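This report covers a predicted model.

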Amino acid sequence: VSRADRSALLPQAGPALVLLLGATAVALVVAWPARPDVANAAWSPVAVVRVGGLALWGWLAGTSPTSGAPATRRDEVLRMLVAALASAPLEALAFVGSAPAASLAWSLAVAAPLGVTAYGLAWALAAALRRTRLAWLMPLASPLAVAGVLLLDLRIGPPLLLPWLLPEAPSLAAAATLALGTAIPVWLVLREARRDRA
Amino acid sequence: MNGSRTGVVAVRGDASRARRTRWVVALALWVGLAAAQPRAELTIGVAGEPVAGAWTPVRAVVRDAPGATLRLDLDAGGLERGEVLQGVRARVADAGGVQRLDLTLPLPAWRRLTWRVEQQDRVLASGGLGARARDGRPLALVLSSRPARWAPSFPSDARVVGAATSDLPVDAAGWHGVASLLVDGSTVAPEPRTVVTAAAAGVRVLLPAAGPAGYGPLAELLVDGPRRVGAGSLEPVPATPGLPLPDAPLADWPRGLRAGVVAAAAEALPAPTWRHLPKPWVLIGAVTYVLAVAALLHVGGAPGAASAALVVGAAALAVPFAAPPEPAPVERGAVVLAGAGLGMRVPLRAIARLPEGESELAGPYRPVEARPLRWEGGATVVPLPAGGRARLTGAPQLVAVPDDVRAVAAGEGDPLPETLRAALPSDTVGVLRGDTWWLLRRPPGPTAGLAEAPR
């Protein structure tokens, strides 16, 4: 791997990362109680903004017209991982301040896999539309697919991908879904990277 | 010969059989009686008369059941509140023979009350009270060999109950549901300490001024005539049963006023606080963090990434210091309704919880507003949701009014909190000592020198 390639692998601040950090910080400050006699319930909105933000980022990146290049896909996944890591202290601060009946480890860990899973689903949708020469349908298909996935998740019962419920409680079903949803895109990205090098 | 000998043997044989039969019958009777005797009994209320909404003596007597447990479950809800479950769990001493368990518990206005005494999985006794058995009227206790003849002396809506000396509560909290105690001198005399405790706890006590044998110490309490003691009064019992009782001496703290003042004092307690990290600090910290991470990543390359990682790591290490010092804060206080040298002290608690869970208070407490809780092992356990709050009042205790409080009360006193002042008569003086409000009234009238009596 050349020096330029190694340098490209290092995380960089992009608009999405700054936006996610900013939104999480704003949620933290707004939800933090101004008076000491008011109960601190900041964690829930902060977790939803962070986890939901990463999921939205992943989906938008996956359905973006520029997501075709393998290098772009690799960078996007890396940026999401960095963003999940960088926003973790903000969520941890909200958690420690509000002491909810939830698992901080689960909530912190679930954000990046959800983002990558959303990215993978969006990527699959975009690829299917491109393959069938229906890419022009993306502006309509994207929100419909999101609504369909969320509706299906609501119907199934235990939350698997719902960003406003997922951080609340650890779930084996959600862990398995996210592990699978993360493994497939990561495997594809790595395979593409190997092909590129070859 | 043979015949007569055989006859003697037959008579002896009949006598022996009759003796055996008598023994068998006696043994069967003894076993039957022993089996018929209940293994456990429960008495709720003074003389077995529970008063809804009052601190109530509860006595469980268990025979030969070491480690038996009393479970009392009640629904304190209503049409608006729905079901509000409260419970009592108490364990009898782990010993054989007859064991007694005495509790004084705040009995709410119940919709359903059930109890059982159990030993492991075996139920020794059980029972219950329905909503129809609920009565919030305070008791008019009559300590007499013929209590019925005193019934016409009370108003028609009074809850007149004949009681024995052994039924009388010994602590101030046990008298909470009693309005008056009439002792006519025809039974065993109660202890003077018990009588003074009753009066100080707000009970109107009527005693024989010149009693029979054993009543001497009680009669001495009335040497100076009727008097106010603490929140209640002592006065002589009328000579003729059946005639309406004279008007009660003006009590410093009538029953209705006491309940309102205690509730107002509980409301006046400061709200418990969690002492969060101040919001401006959170704002400054969050903005600084976001700008630092974004700037360092913008620099790019290994130095930028490493510096950003350092900032993230440092922030993660600093996070635990932002935890509130006390996630389940408790504000403590007390109010004393004082009069004539004695006072009724009611502990007050305001609790809050940041995480969902159960807050435990040592001793029995009752919530100001009906809520689910349980009394377990001498403590009050209050389940609260995340960010939940509750205000509770403890069992009344009898205290003597210190001289320095009386001295301050003779002047202007200390400024009262608005919530408390609104519930008090205008002639009330408040003195704050530590976390306790001493409330005294200034009506003219004789004062009792009985502060030493209940000690």
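Which residues does A:Leu90 touch, not counting residues up to four places away in sequence? Within chain A, the contacts of A:Leu90 are A:Leu21, A:Thr24, A:Ala25, A:Leu28 and A:Val46. From chain B, B:Ala286, B:Tyr289 and B:Val290 also touch A:Leu90.

**Nonpolar cores**

A:Leu90 is one of the residues that touch the most other members of the largest nonpolar core, which has 62 residues. A:Leu28, A:Leu54 and B:Tyr289 are the others named for this. Chain A supplies at least two residues of this core from each of α2 (15–31), α3 (43–63), α4 (70–98), α5 (104–131), α6 (138–156) and α7 (172–197). In chain B, α5 (279–299) and α6 (301–318) each do likewise. The largest share, 13 residues, comes from α5(A). Another core, of 49 residues, lies apart from this one and includes B:Ala198, B:Val205, B:Val335 and B:Val346. In soluble globular proteins, nonpolar side chains tend to be buried together.

**Strand pairing in chain B**

Strand β10 (residues 178–183) of chain B is mostly covered, with five of its six residues buried. β10(B) pairs with strand β8 (residues 139–143) of chain B and with strand β11 (residues 204–207) of chain B. In the pairing with β11(B), B:Ser180 has B:Arg204 as its bridge partner.

| Strand pair | Sense | Bridges |
|---|---|---|
| β8(B) and β10(B) | parallel | five bridges |
| β10(B) and β11(B) | parallel | three bridges |

**The open sheet**

In chain B, seven strands make an open sheet with mixed pairing, in the order β7-β6-β3-β4-β18-β19-β16. Why is one side of β7 and of β16 left without a neighbour in the sheet? β7 (122–130) and β16 (357–362) of chain B stand at the edges and each has a single partner strand, so one side of each has no neighbour there. From one strand to the next, the twist averages 15 degrees.

Terms used
Residues are numbered from 1 along each chain as its sequence is written. Chains are lettered from A and ligands numbered from 1 in the order in which they are written. This is a predicted model: local features need pLDDT of at least 70, side-chain atom pairs count only at pLDDT 80 or more; totals for chains, interfaces and linings use all residues. Side-chain values use heavy atoms; hydrogens and water are left out. A nonpolar core is a set of buried Ala, Val, Leu, Ile, Met, Phe, Trp, Tyr and Cys residues joined through side-chain atoms within 4.5 Å. Buried means under 20% relative accessible area, exposed over 50%, partly exposed in between (1.4 Å probe, protein chains only). Helices (H or I, at least four residues) and strands (E, at least two) are DSSP runs, numbered from the N terminus. Contact means heavy atoms within 4.5 Å. Two strands pair if DSSP finds at least two bridges between them. Axes are lines fitted to C-alpha atoms, for helices over the stretch in contact, and angles run from 0 to 180 degrees between N-to-C directions.
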